[in-house]
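Welcome to this short tour. Please open your viewer and get ready to select a few pieces one after another.

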Amino acid sequence: MATAPIEPPQRLVSSLSGDPESPAGKWLAALPTLVQQQLETWDLTLERVHAPGGRSSLLALVRQKDGTPAALKFPAPGRRHEAEALEIWNGWGAVRLLRTDITTGALLLERLHSAVSLRSLPEAKAFLEAAGTVRRLWVQPDPHHPFDTLAGRTEEAVESLRWAGPLVPTAAPLIDEAQELRESLPASTDEHFLLHGAFRQGKVLAGDRTPWLAAGPFPVVGERAYDLAALVLDRFEDLMAGSGAATGARRRVAKLADSLDVDRDRLRSWTLYRAVDAGVRESAAGDRRHGELLLEFAAWL
């Protein structure tokens, strides 16, 4: 059993250490103690902390008492209801939840091959496998589910868009369109599926009991086109580097929509919204090159 204190990966520290008095800052400071206590509570042996890891959770590779490999995850404050979504999926298309601690928020997960995601495959094969994986996750939740709705989730996001918009004045027409779409889209659908919420190729990892499994959900209930929009944006830089990129972007929307029986226009609209949202936020945070590429991609749609 491990006794040495762990060190959170630098990527997580950089993401959450802005305000030490915020919930995220306090959680980050307490994280080494939380991890050690959870290892003892669940009788786990620490192998190593996964690095570079993510920006909103710590993942540690561990062994259970019987020697079975597993992964111990601590989602940061604000990453709501991951355990409940994983319980609903019960390993169907997603990583299997083994245990959860409602006091600490810790999740014990089956061990996946975290270094091997769909991004390791050729583009056409990766999109095919991603589509097949996300399709399995789209299930009807219980009417009394605890998850955010898409209307509520995007309302939170659009407030950030309004704040950051003036920092990217050249994007004003796209921002206006994205805000209008955000108002109209959730109100004009009767789809209420449980969505991954943060789906992309990098979230689909190699497994042992089945080749590919989704991990790291930020679950939300709404229409399928929202989840699929993030997949449209996957590897968009590669698409933009080729010839006929604008036509290729629209073709990608049509192909993914048709393959999963999703309305093309709604997928185009959600993709534009998500591209503008990400582009403005990244530009405001200082990554202007990547942000401008996302905005250019949105303009092509």
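In which sense do strand β2 and strand β3 pair, and over how many bridges? Select residues 57-63 for β2 and residues 69-75 for β3: the two run antiparallel, joined over 7 bridges. Here strands are DSSP runs of E with at least two residues, helices are runs of H or I with at least four, both numbered from the N terminus, and two strands pair if DSSP finds at least two bridges between them. Now click on Leu 59, whose bridge partner in β3 is Lys 73.

A word on the model: it is predicted, with local features needing pLDDT of at least 70 and side-chain atom pairs pLDDT 80 or more, while totals for chains, interfaces and linings use all residues. Residues are numbered from 1 along each chain as its sequence is written, and side-chain values use heavy atoms, leaving out hydrogens and water.

Next, show the whole sheet: it is open, with 5 strands in the order β1-β2-β3-β5-β4 and antiparallel pairing. At its edges are β1 (45-49) and β4 (97-100), each pairing on one side only.

Then select residues 23-41. This is helix α2, which lies across β1, β2 and β3 and runs at about 150 degrees to β3. Such angles run from 0 to 180 degrees between N-to-C directions, with axes fitted to C-alpha atoms, for helices over the stretch in contact; contact means heavy atoms within 4.5 Å.

Finally, zoom out to the chain, with its 11 helices and 11 strands. Its C-alpha trace spans about 55 × 40 × 40 Å along the principal axes.
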